Amino acid sequence: MTQPTVLLVEDEPAQREVLRYNLEAEGFAVIVARDGEEALERIAEGLPDLILLDWMLPHVSGIEVCRRLRLRPETRSIPVIMLSARSEDVDKVRGLETGADDYVIKPYSVAELMARLRAHLRRVRPAAAGMVLEWQDLRLDSETHRVSRSGAEIKLGPTEFRLLSAFLERPGRVFSREALLDRVWGRDIYVDSRTVDVHIGRLRKALMSAGGNDPLRTVRGTGYSLG
Ligand code: CA
């Protein structure tokens, strides 16, 4: 599994560095933005798994960033945790109406913030959160890195393991080659999209090694899906 990515949007350098340090210590890849405009630019470059979004930002406010994310289908379901110094209930309601998934008031406890973040991550990236994923006769334990089909252990290389994790997180979802490159290889690494096909081929072979049908579907011109 590539590390889950958190986009951290905070204009105050000291708070930004504290959060960045703690997020990296938790095993997250951290992308930083110093204002709302920069946040939107970073998101356009690649979708993070989760966004920590300060409310009061120069140029484009956190609320506006959140509102724009909710308008676009590809960013609509990214969890957003809003950070704010305001504590009035009316603001809380506004934050949630804007589409934030969670709302944390400054000064916050970093430990509590990390716990909330992990909870949201379990929802969107269960494999990255160390959970067991099951679909039909397939089982993947993301903590012990064991994979089995109908109870028989299957040996997978690290890339095939990450590919299968991505599929098991969203059975039925069609992943484009680009989406798989982002998710499995990471966005900063250049890999030819034909490499994806090679590893899909290996994954298929391994999954069918003990008999059973091919659980992966090739969607012509688009990509691949599980089931
Ligand atoms: Ca601020």
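I started at P107, which sits in the loop between β5 (102–105) and α5 (110–124). This is a predicted model, so I am reading computed geometry throughout. The peptide bond from K106 to P107 comes out cis, with omega near -5 degrees. Worth a note, since most peptide bonds are trans.

Next I looked up positive phi values. H59 has phi near 70 degrees, positive although the residue is not glycine. I find H59 in the loop between β3 and α3 (62–71). Is H59 buried or exposed? Its relative accessibility is 66%, and the cut-off for exposed is over 50%, so H59 counts as exposed.

H145 also goes on the list: its phi is positive, near 60 degrees, and it is a residue other than glycine. This one is in the loop between β7 (138–141) and β8 (146–149). H145 reaches 48% relative accessibility, so I log it as partly exposed.

Then I went to D49. Its place is the loop between α2 (36–45) and β3 (50–54). With a relative accessible area of 12%, against a limit of under 20%, D49 is buried. What does its side chain meet in polar contacts? I get a 2.7 Å polar contact between the side chains of D49 and R125. A polar atom of the D49 side chain is also 2.8 Å from the backbone nitrogen of T5. Leaving out neighbours within four places in sequence, the contacts of D49 include Q3, P4, I78, P79, L121, V124 and R183.

R183 took me to helix α7 (residues 177–185), where it is one of the buried residues, along with L180, L181, V184 and W185. Which elements do the buried residues of α7 pack against? I have α6 (158–169), β10 (175–176), α8 (193–207) and β12 (223–226).

Last, the whole chain. I count eight helices and twelve strands. The radius of gyration is 19 Å, close to the 17 Å from the globule rule for 227 residues, so the chain is as compact as a globular protein of that length. The C-alpha atoms fill a box of roughly 60 × 35 × 30 Å along the principal axes. Buried residues make up 47% of the 227. Of the contacts with a separation of 6 or more, 58% join residues 24 or more positions apart. The accessible surface is about 11,400 Å², 49% of it from carbon and sulfur atoms.

How values were computed. Residues numbered from 1 in each chain as written. Predicted model: local features only at pLDDT ≥ 70, side-chain atom pairs only at ≥ 80, totals over all residues. Heavy atoms only, no water. Helix = DSSP H or I, 4+ residues; strand = E, 2+ residues; numbered from the N terminus. Buried < 20%, exposed > 50% of the residue type's maximum accessible area, 1.4 Å probe, protein only. Polar contact = N/O pair within 3.5 Å; in protein donor to acceptor, adjacent residues only side chain to side chain. Contact = heavy atoms within 4.5 Å. Rg over C-alpha atoms; globule rule 2.2 N^0.38 Å. Areas by Shrake-Rupley, 256 points an atom, 1.4 Å probe, with all protein chains shown as cover.
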